[in-house]
Amino acid sequence: MSTSLKNVRRVTTHVLQEMKAKGEKIAMLTAYDYSIARLVDSAGIDVILVGDSASNVMAGHETTLPITLDQMIYHAQGVVRGCERSLIVVDLPFGTYQGNSKGALNSAIRIMKESGAHAVKLEGGKEVLGSVERILSAGIPVMGHLGLTPQSIYKFGTYVVRAKEQEEADRLRSDALLLQQAGCFAIVLEKIPAKLASEVAKSVSIPVIGIGAGGDVDGQVLVVHDMLGINTEFNPRFLRRYADLHEVITGAVANYVKDVRSRNFPNSEEQY
Ligand code: KIV
């Protein structure tokens, strides 16, 4: 069967809204380049996130903080060229939207103009509301992100589960409502108790996509390198591995090295 998805209906923010209304779960994954985006898109994913996790899995940084707007745009351009169906959301990187709504709008406009993506995502609630509203006022769809927000890792000091305490849980509930009222089309909830995530998903009418937030939300997102088993060092409880590409790739490369050294590659058929 061909994996080409030509003439399929593009997923839009409205489609996601309809999916929530019908109780259909939304499947979202990250991608950072043309080739993986093409595979992920043709396999039927609804939303592709060009996440600032590119800073970790593509560039090898310890945190998401170093990645720049230019680098995010470069990743997003490749993803856009590889996709026919998915809605493509791009993370606004650290330092491009906090505390400066004009700067936030300029950053979001650059992403939309230079990459051709369909929406942006940013981390935080009340503290970034000015930026969210200003971006939305330009007609750019915004996805929120609450719970564990990796751009604030030096404030948290650790990647443990967030909002276990009443005060933080209450703040998260109210931030979700604020993001909805501002006009966000969806919210990611990262690494929070499943019960809280379920309550939040029921309290808002926009889709809530979880990562480490249990199954009773409107959709799930994972980092593609983690779920394909390319990275083996990252093993949080919420991660399910659907492949062991680490094994496949290192095995294939080791065979290639062996064949080159033994003069087995190339053979007479593999030359001109
Ligand atoms: O950057 C990213 O990959 C993300 C997901 C973990 C939601 O924000």
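The following legends describe close-up views of a predicted model.

In this predicted model, local features need pLDDT of at least 70 and side-chain atom pairs count only at pLDDT 80 or more, whereas totals for chains, interfaces and linings use all residues. Residues are numbered from 1 along each chain as its sequence is written, and side-chain values use heavy atoms, with hydrogens and water left out.

**View A. Burial of strand β3 (residues 87–91).** Helices (H or I, at least four residues) and strands (E, at least two) are DSSP runs, numbered from the N terminus. Five of the five residues of β3 are buried, so the strand is largely enclosed by the rest of the structure; buried denotes under 20% relative accessible area, with a 1.4 Å probe and protein chains only. L87, V89 and D91 cover one side, I88 and V90 the other, and all are buried. In a regular strand the side chains alternate between the two faces of the sheet.

**View B. Strand neighbours of β3.** Strands pair if DSSP finds at least two bridges between them. β2 (residues 47–50) and β3 pair in the parallel sense over four bridges, with L49 opposite V89. β3 also pairs in the parallel sense with β4 (residues 119–121), over three bridges, and D91 stands opposite K121.

**View C. Buried face of helix α2 (residues 34–42).** A37, V40 and D41 are the buried residues of α2. Seen down the helix axis, these buried residues fall within an arc of 100° (taken from the directions from the axis to the C-beta atoms), so they line one face of α2. G44, whose phi is positive, near 100°, follows α2.

Technical notes:
Buried < 20%, exposed > 50% of the residue type's maximum accessible area, 1.4 Å probe, protein only.
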